[in-house]
Amino acid sequence: MNSELLVDPTSAYWRVNRESFLLLGGGAALLLQLAHPLVAAGVADHSGFRDEPLRRLYRTIRTMQDIIYEDIHTALAAARQVKRVHANVRGILREPTSAFPVGTPYRASDPELLLWVHSTLLVTALTTYEQFMPLLSANEREAYYQSSKPVARVLGLAEEDLPEDYPAFRSYFEGVVQSPLLALTPTSRMLADQVIHPPISWFPRIAGDALAVATAALLPAEVRDLYGLRWGPRRRFAWRLLRRSLRESLPLMPNVVRAGRHARRGERRARQVAA
């Protein structure tokens with residue numbers, strides 16, 4: 001591994017996350033996170049998500065890009081800032097669900113909540129990637145998961161908190177999705193509406209419609225049903241058109257379009273160090 005970077009530039013995790021089209025999965029990742037009542041309570045009580053959902057998503061993406069693609073000092077500084085913010089995010093649940101009674105405490109630094117948030121980012125990235133690129137092999141998925149572990153560790157998860165391998169990780173994720181842990185409270189429904197219908201006057205309606213279709217398409221069916229998102233023939237047809245057009249155009253796109261700014265800078269740095 002390149003000693004100047006947290007994540008190996010030759011890793012599957014680097015290769016997948018460099019793709020700009022992964023932004024299409026941002027809404028799905030947020031809805032997965034908000035489906036956990038304790039995560040939703042923390043977001044509602046300790047952030048400006050209600051008023052600026054897209055800005056919060058941008059900050060999350062920017063932080064993750066800093067951690068993956070910037071030099072090791074920038075990556076660790078970004079991770080420390082995340083942990084400082086998380087240290088102050090704590091409270092109690094005021095809206096009960098079948099799994100969590102009123103008064104259930106939450107802490108953003110709780111390994112169970114950290115693992116859930118981390119897993120939503122990994123699964124959504126892989127799901128989005130494989131919608132537009134060739135499917136990864138079992139070995140590639142394993143490599144992707146293993147190369148994500150340094151990021152999980154600097155964000156506060158210990159090695160024993162992480163599933164050992166990709167099959168165990170998928171079993172964990174699917175177990176949560178199919179369990180009573182995910183349930184919508186009035187707060188999570190309100191926050192989800194900000195994701196599905198961003199309260200931003202300048203946001204073009206056609207872009208909002210495309211993102212809404214992508215969000216529904218990229219969610220597990222159980223979570224899509226939990227939110228009551230429409231997924232009828234018209235939306236499925238729109239998604240097929242979007243997939244086909246992007247699959248055909250991706251090979252023609254220059255690197256400056258395909259790769260995010262942080263990824264391109266990280267790749268230049270990796271080449272310089274290697275030379």
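Buried here means under 20% relative accessible area, with exposed over 50% and partly exposed in between (1.4 Å probe, protein chains only). The model is predicted: local features need pLDDT of at least 70, side-chain atom pairs count only at pLDDT 80 or more, and totals for chains, interfaces and linings use all residues. Residues are numbered from 1 along each chain as its sequence is written, and side-chain values use heavy atoms, leaving out hydrogens and water.

**Aromatic pairs**

Rings of Phe, Tyr and Trp (its six-membered ring) pair if their centres lie within 6.5 Å; planes under 30 degrees apart are stacked, over 60 edge-to-face, the rest tilted. The whole structure holds eight such pairs.

Select F21 and F132. They sit edge-to-face, 5.3 Å centre to centre, with 65° between the planes. F21 is in the loop between α1 (12-17) and α2 (26-34), and F132 is in helix α6, 111 residues apart. Helices are DSSP runs (H or I, at least four residues), numbered from the N terminus. Both F21 and F132 are buried.

Next, select Y145 and F169. This pair is stacked: 4.9 Å centre to centre, 25° between the planes. Y145 belongs to helix α7 (residues 138-154) and F169 to helix α8, 24 residues apart. Both Y145 and F169 are buried.

**Helix α3**

Select residues 37-46. Helix α3 is mostly covered, with eight of its ten residues buried. Among them are P37, L38, V39 and G42.

Conventions
Helices (H or I, at least four residues) and strands (E, at least two) are DSSP runs, numbered from the N terminus.
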